[in-house]
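Subject: A structure for you to look at

Hi there,

Here is the structure I promised to pass on. Please open it next to this email and follow along as you read.

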Amino acid sequence: MSHRIPAAKPVALPATRARARNSCAADGKQAAAIALLASVPRLPRWLALLPALVLACQGAAPSGPRSGYESTAPERAAGGEAGQALFADERLADYALEITREAFAEVAAKPNAPPVSVGLTAAGAALAAPVGFRARDGGAFELIIDHVDPRQRLFGVARIELHPFVADPSLFRERIAYQLFREMGLPAPRSAHARLSVGGAFRGLYLAVEAIDRGFLEDRWPGAGEGNLYGDIWPGIASPSDPQRALRAPDRADHRAFVAFNNLVKAARPRALARLVDEWLDLPHLTRFLATDAGIGNRGGVRAFACDESGRYCSNRDFFLYQDERSDRFWLLPSNLWRVLRPYDPTWRMPRWTEAAPDCGQRTRTSEGEVRRAPGCDRIFAAVAENNGGAMAEARQRLLEVWTPGKFTDAIDRWAKLMELAVASDESSPGLPAWRLAIKELKRDLDLLRSTVGTDAAPEGEETVALGRTSFEGLDRATFLARTEFIGARRSGGLHELNTVAPLSGTHDVLLEFELANDVRDGKPVPYSQAAAFRLPFRTGTTLSDARRIRFLFRTSLSREVTVAVEGSRPLGGIRNPRIYATVAARAGAPAELVLELANFNAELEGAPISAEARAAILAEPAALLFQIEPIGLTNGLLPAGNSDAGLAQLDNVFIQ
């Protein structure tokens, strides 16, 4: 599809710095005076662009090598000597915090609060001075090694982040994703699995991640690591106050370069944008980054423009931009890679980042309920997609050469052996049964994702539920796994596949492999905590307002109950994905058609009944059908101590009347 760059009002401004240098002139005093305008909010557009002209006239283009990063040794992507002991591949590092459990809980309850001072022993090294310790968003923690003593380092590292395994029961996806970025020659954090103990008691497993801070920059850009580091701010959509808010390395607070780039992206004519992006973001680096980010299936990050419920305010996040101090070029760095390496794509209804959106005023609700703007509406992505197909093809080929078939199998098995005892004793981890299933799923997903590198278009297919029969016929495996998912409680797991071996009907059905176990909290099993469900999204525009019943074919290895839920697409009563549900018994052996009347579905939120209006709203705009496997042999809501409930099931011919 031809990619049309979103139009901007023409402004009489040279498109690139090179052209600007030939078309304007200003002495040093004039330049200094006009540059101050960059920090003044609410200026007319033409006046706000003057700092960009000044920077261009002052020779802002690099005088040395084209790329500050590419001019360094290639191994810099993987980091230098600092921190090697922390991120060794063959060991599981221990981080021991000298803090009471009560104080730890207090810190964890206040994300982004000022750090507290604690003692730390890590990877066998006891630090002389206390370190800073604070919680971050999403259950992560930060260790600030130089908090008290500015000269203190842990194996040469000043800051370390401890990431929980959000929505990843395999515990490996984020680590593998960072490794792929580094092997693509892109500066990305190193990481390794770690055991965390608090006050002498084992707290759980985390991924220890190298912080992107001043030390990281000085390591990757030797002699040029003093530039500005920005987090979650993107040229072309930033407001005047954003650069200071987004500054992560505040040694220098001169934002003229970012302001100039931001204004140029907003104002440049479409034909000038590609050259502009190349000069400011370095095309070889940018295309390798985008090829890797798309290849690992990152559903967050720089390509994801999430919006508020109104759809008016949209932005991207979970990335850094570093301004090389030797030039005003910006380098894109990955951050918080927790939504990666899964075929399942909740954004499949949207155009890909390489495709033009039919209407950039339109917003799309993903199958997970998020409101998104199409990434192709961004002027930078539009320029790259329209003008750099050759560079993108080269970047994808390089990714395929780096990501060889079966590349991570041995590493996953090696890491799993190191971690098995810790997983078994970590009540916040998936537990061994769900973990082993998740590792099996991860290996499947890695091979599948590699096979789809370079296919930017959303998979075609009609496997999502319609008002009629969904029989999974004629589907390819990649499309099926991109549209469907198996979700579970923390210690219950599942694996789903498009099955062609003895299907219930026709040539294809869905095979569900699952293992249910009790969740654990404070050392005690949690009643009624065993849950695993197959999630089948509805097609866009589906309504169940006039539907009466749901029918489906089902076979299970052991007789058990199945709960079917209709999930709403809009938040309700503070619940992001409200559901109504009903349960039916399924006998082992021969397949049976099961029927549920929608009028009999329970309707409640957090245990409280909901109104008829709320029920109608869920049916009017449903997001998905869920088929939840219920456990066998519960006593007071618990499986017997040490036991799990494993089994197989098949699903076919989902039919809504």
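Predicted model: local features only at pLDDT ≥ 70, side-chain atom pairs only at ≥ 80, totals over all residues.

Residues are numbered from 1 along each chain as its sequence is written, and side-chain values use heavy atoms, with hydrogens and water left out.

**The sheet**

Helices (H or I, at least four residues) and strands (E, at least two) are DSSP runs, numbered from the N terminus. Three strands make an open sheet in the order 9-12-13, with antiparallel pairing; two strands pair if DSSP finds at least two bridges between them. Which strands stand at the edges? They are strand 9 (229–231) and strand 13 (330–334); each has a single partner strand, so one side of each is left without a neighbour in the sheet. From one strand to the next, the twist averages 25 degrees. Strand 12 (residues 319–323) is joined to strand 13 by five bridges. As background, strands of a sheet pair through backbone hydrogen bonds, either parallel or antiparallel.

Helix 9 (residues 256–267) lies across strand 9, strand 12 and strand 13, and runs at about 90 degrees to strand 13. Such angles run from 0 to 180 degrees between N-to-C directions, and the axes are lines fitted to C-alpha atoms, for helices over the stretch in contact. Contact here means heavy atoms within 4.5 Å.

**A buried alanine**

Next, find Ala177 in helix 6 (residues 173–183). Is Ala177 buried or exposed? Its relative accessibility is 0%, so Ala177 counts as buried. (Buried means under 20% relative accessible area, exposed over 50%, and partly exposed in between, with a 1.4 Å probe and protein chains only.) Leaving aside residues up to four places away in sequence, Ala177 touches Ile296, Leu337, Val340 and Leu341. Val340 is 163 residues from Ala177 along the chain, yet their C-alpha atoms are separated by 7.2 Å.

**Helix 11**

Helix 11 (residues 283–295) has 13 residues and reaches 18 Å from its first C-alpha to its last, close to the 18 Å expected. That expected span is 1.5 Å times one less than the number of residues. The helix is mostly covered, with 11 of its 13 residues buried, including Phe289 and Asp293. What do the buried residues of helix 11 pack against? Their partners are helix 6, helix 10 (270–281), strand 13, helix 12, helix 13 (389–402) and helix 15 (432–451). Just after helix 11, Gly297 takes a positive phi of about 65 degrees.

**The disulfides**

How many disulfides does a search of the whole structure find? It finds two, a disulfide being a pair of cysteine sulfur atoms within 2.5 Å. In one, the sulfur atoms of Cys307 and Cys314 are 2.1 Å apart. The torsion about their S-S bond is about 105 degrees, so this disulfide is right-handed, and both cysteines are buried.

Cys360 and Cys377 form a disulfide too, with sulfur atoms 2.1 Å apart. Their link is left-handed, with -95 degrees about the S-S bond. Cys360 lies in the loop between strand 13 and strand 14 (364–365), and Cys377 in the loop between strand 15 (371–373) and helix 12 (379–387), so the pair ties together parts that are 17 residues apart in sequence. Cys360 is partly exposed at 32%, whereas Cys377 counts as buried at 7%.

Enjoy exploring!
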